[in-house]
Amino acid sequence: MKEQRNGLLLVISGPSGVGKGTLVKALMERNQRIKMSVSATTRAPRPGEIEGVHYFFKTEEEFKAMVDRGEFLEYIHVFGSKYYDGYDVILEIDVQGAMKVKQAFPDAVLMFITAPSMSEIKSRLIGRGTETMEQVEKRFATAFEEIKMIPQYDYVIINDVVDVAVHHMEAILEAERCRTSRSNYLSESIEDTGR
Ligand code: ADP
């Protein structure tokens with residue numbers, strides 16, 4: 001019997017500066033069957049980031065209009081079909097978006113990424129050097145709101161050492177692939193007459 005399974009839909013959120021991008025990049029380098037869904041952001045592109053490859057860069061107004069029109073969920077549905085082809089798909093989105101995806105795709109795996117402490121989040125934001133001090137303060141204030149959503153997620157990853165955090169993500173994906181709810185073993189075996 002050949003076991004068939006859909007890919008996993010992995011939703012990643014967490015405060016700005018905790019290392020989401022760093023972890024996703026490392027995870028994808030080590031796992032060829034994981035694809036990244038391109039999502040939209042209101043922040044400015046960083047050096048080397050390409051429109052439509054890394055993100056769709058939108059103004060606050062454009063972003064709000066897209067949300068109001070329900071375009072994100074529609075897009076996720078289209079992209080989500082890829083994970084039925086056996087690819088694992090990563091969606092990096094904010095906490096509100098993550099809750100909507102969970103409603104639309106109840107079998108999605110939600111991971112919240114954070115850093116060992118709030119002060120570490122701040123130093124990483126400053127260390128990255130991509131934002132003004134005012135933007136850093138704004139993102140840092142938002143971080144306190146975001147971490148309150150941790151109980152709504154399936155897993156929390158504390159990104160202290162990158163390799164260890166990536167290993168935790170891989171272990172979660174391995175375990176999720178073995179969930180009984182994702183297996184067709186029973187239904188296939190009932191059909192199997194042994195000849
Ligand atoms: P995010 O995508 O969550 O906004 P980034 O991946 O851009 O975060 O990381 C923010 C900054 O923190 C970057 O300068 C990155 O190199 C650094 N960083 C990421 N992970 C770690 C870690 N485990 N320890 C120390 N610094 C890290």
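Me: Where is the place of Tyr 155?

Reply: Start with elements. Helices (H or I, at least four residues) and strands (E, at least two) are DSSP runs, numbered from the N terminus. Tyr 155 sits in strand β7. This is a predicted model, where local features need pLDDT of at least 70, side-chain atom pairs count only at pLDDT 80 or more, and totals for chains, interfaces and linings use all residues. Residues are numbered from 1 along each chain as its sequence is written, and side-chain values use heavy atoms, with hydrogens and water left out.

Me: How many helices and strands are there in the chain?

Reply: The chain has 8 helices and 7 strands.

Me: Back to Tyr 155. Does it count as buried, exposed or partly exposed?

Reply: Learn the cut-offs. Buried means under 20% relative accessible area, exposed over 50%, and partly exposed in between (1.4 Å probe, protein chains only). Tyr 155 counts as partly exposed because its relative accessibility is 25%.

Me: Which residues does Tyr 155 touch?

Reply: Contact means heavy atoms within 4.5 Å. Leave out residues up to four places away in sequence. Tyr 155 then touches Val 109, Leu 110, Met 111, Phe 112, Ile 172, Glu 176 and Arg 179.

Me: How far apart in space are Tyr 155 and Glu 137?

Reply: The two are 18 residues apart in sequence. From C-alpha to C-alpha, 27 Å separates Tyr 155 from Glu 137.

Me: Now pairing. Which strand pairs with β6 over 4 bridges, β7 or another?

Reply: Two strands pair if DSSP finds at least two bridges between them. β6 pairs with strand β7 (residues 155–158) in the parallel sense, over 4 bridges.

Me: Is Thr 114 buried or exposed?

Reply: Thr 114 belongs to strand β6. Thr 114 counts as buried because its relative accessibility is 8%. Not counting residues up to four places away in sequence, Thr 114 touches Val 18, Ile 121, Ile 147, Val 156, Ile 157, Ile 158 and Asn 159.

Me: Which way do the side chains of β6 point?

Reply: In a regular strand the side chains alternate between the two faces of the sheet. In β6, Val 109, Met 111 and Ile 113 point one way. Leu 110, Phe 112 and Thr 114 point the other way. 6 of the 6 residues of β6 are buried, and the strand is mostly covered.

Me: Which strands do bridges join to β1?

Reply: Strand β1 (residues 9–13) runs parallel to strand β5 (residues 88–92), joined by 4 bridges. Another 4 bridges join β1 to strand β6 (residues 109–114), again parallel. Check the residues. Leu 9 has Val 89 in β5 as its bridge partner. Leu 10 stands opposite Ile 90 in β5, and its partner in β6 is Val 109. Ile 12 has Met 111 in β6.

Me: Why is β1 largely enclosed by the rest of the structure?

Reply: Count the buried residues. In β1, 5 of the 5 residues are buried, so the strand is largely enclosed by the rest of the structure. Both faces are covered, with Leu 9, Val 11 and Ser 13 on one side and Leu 10 and Ile 12 on the other.

Me: What about the faces of β5?

Reply: Both are covered there too. Asp 88, Ile 90 and Glu 92 are buried on one side, and Val 89 and Leu 91 on the other. With 5 of its 5 residues buried, β5 is therefore largely enclosed by the rest of the structure. Strand β2 (residues 34–36) also runs parallel to β5, through 3 bridges. In β5, Ile 90 is the bridge partner of Met 36.

Me: Zoom out. What share of the chain is buried?

Reply: Buried residues make up 37% of the 195 residues. Take contacts between residues at least 6 apart in sequence: 71% of them join residues at least 24 apart. The C-alpha trace spans about 70 × 40 × 30 Å along its principal axes.
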